[in-house]
Amino acid sequence: MDLNKTIEHTLLKPTASNDALKKLYEEAKEHKFLGVCINPCYVRFAKENLKNSDVKIVTVIGFPLGANTTDVKVFETQKAIEDGADEIDMVINVTKLKDDNKDFIVNEISAIKKACNGHNLKVIIETDLLTKEEIVKACKYSIEGGADFVKTSTGFVKGGVGAKAEDVKLMYETVKDAGLRVKASGGIRDKEAAILMIEAGAARLGTSSGIKIVSQ
């Protein structure tokens, strides 16, 4: 199993320095990771450092709370694509989901997908904050909104576990027939955990422990 080709090498810390980001890009090229996942203000910097490589540039929208207005998320997406992002990971509005405001959730995902201009859209549903029923709803609304992936977590929920195999499996079973894929993210720190997520149905792994995973 080529785990490196499932990994989005991630650095989303608010204290990330330019040197740390440069290191991330070099590591991604060296280990032939599928992509890097970074904050939007660094997309142009990533584009400069990853030119002439196959490493995808993934960035996050409405991160980490998902509570921005839809208009702001759409603008943020448009700017990220303009700056060179290859894929977009948006955070769902958890409050609207818990209120079961289906129209809001579906319309927001649809608007952001349109702003992606043909690029992959992943919907971060923040499983640590959801019941199993809400996880299923979030996945179904993501299908209706036209997303390409559903993703477990931001990794920013205080006390949160992040990706759990049982949640990944539930997400996979909910979206597989519609052709969506699953990205597991949050708390994946070793090869054993990575394989567990893949076996549960994840097609992508978001992790800052990619080098450790592929070196074990």
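**Note on the predicted model**

1. **A buried aspartate.** Asp89 lies in strand S4, residues 87–91. The model is predicted. Asp89 counts as buried because its relative accessibility is 0%, and the cut-off for buried is under 20%. Beyond its neighbours within four places in sequence, Asp89 is in contact with Glu8, Cys37, Val58, Thr59, Val60, Ile61, Lys122, Ile124, Lys151 and Lys183.

2. **A buried valine.** Val150 is part of strand S6, which spans residues 149–151. Val150 also has 0% relative accessibility, so Val150 counts as buried. In sequence, Val150 and Asp89 are 61 residues apart. In space, their C-alpha atoms are 9.0 Å apart. With neighbours within four places in sequence left aside, the contacts of Val150 are Val123, Cys139, Ser142, Met171, Val175, Leu180, Arg181, Val182 and Lys183.

3. **The cores.** Nonpolar side chains tend to be buried together in soluble globular proteins. Here the largest nonpolar core has 60 residues. Tyr25, Ile38, Ile125, Ile188 and Leu205 have the most contacts inside it. A second, separate core has seven residues, including Leu12, Cys37, Val60 and Phe63. Back to Ile125: not counting residues up to four places away in sequence, Ile125 touches Ile92, Leu130, Ile135, Ala138, Cys139, Lys151, Thr152 and Met171.

4. **A cis peptide bond.** Check the bond from Phe63 to Pro64: the bond is cis, with omega near 0°. Pro64 sits in the loop that runs between strand S3 (56–61) and helix H3 (70–83).

5. **Positive phi, exposed or buried?** Asn117 has a phi near 55°, a positive value in a residue other than glycine. Asn117 is in the loop between helix H5 (102–115) and strand S5 (120–124). Asn117 counts as exposed because its relative accessibility is 62%. Glu126 also has a positive phi, near 60°, and is a residue other than glycine. The loop that holds Glu126 is between S5 and helix H6 (132–145). Glu126 has 4% relative accessibility, so Glu126 counts as buried.

6. **One side of H2.** Which residues of helix H2 (residues 43–50) are buried? They are Val43, Phe45, Ala46, Asn49 and Leu50. These residues lie on the same side of H2 because they cover an arc of only 155° around the axis. An α-helix has 3.6 residues a turn, so residues three or four places apart point the same way. The cover over the buried residues of H2 includes H1, strand S2 (35–38), S3 and H3. Just after H2, Asn52 takes a positive phi of about 65°.

7. **The largest pocket.** Rolling a probe the size of a water molecule over the atoms shows where empty space is left. The largest pocket has a volume of about 640 Å³. It is lined by 32 residues, and Thr10, Lys13, Gly187, Thr207 and Ser208 are the closest to its centre. Strand S1 (7–11), helix H1 (18–30), strand S7 (181–185) and strand S8 (204–207) each give two or more residues to the lining. H1 gives the most, with four residues. By type, the lining of the largest pocket divides into 11 nonpolar, 13 polar and eight charged residues.

Key. Residues are numbered from 1 along each chain as its sequence is written. This is a predicted model: local features need pLDDT of at least 70, side-chain atom pairs count only at pLDDT 80 or more; totals for chains, interfaces and linings use all residues. Side-chain values use heavy atoms; hydrogens and water are left out. A nonpolar core is a set of buried Ala, Val, Leu, Ile, Met, Phe, Trp, Tyr and Cys residues joined through side-chain atoms within 4.5 Å. Buried means under 20% relative accessible area, exposed over 50%, partly exposed in between (1.4 Å probe, protein chains only). Contact means heavy atoms within 4.5 Å. On a 1 Å grid over the protein atoms alone, a cavity is a set of points where a 1.4 Å probe fits but cannot get out, and a pocket is an open set with protein on both sides within 12 Å along at least five of seven lines; lining residues have an atom within 4 Å of a point. Grid points are joined across faces, edges and corners, and a volume is the space filled by probe spheres set on the points. Ala, Val, Leu, Ile, Met, Phe, Trp, Tyr, Cys and Pro count as nonpolar, Asp, Glu, Lys and Arg as charged, and the others, Gly among them, as polar. The arc is that of the directions from the helix axis to the C-beta atoms.
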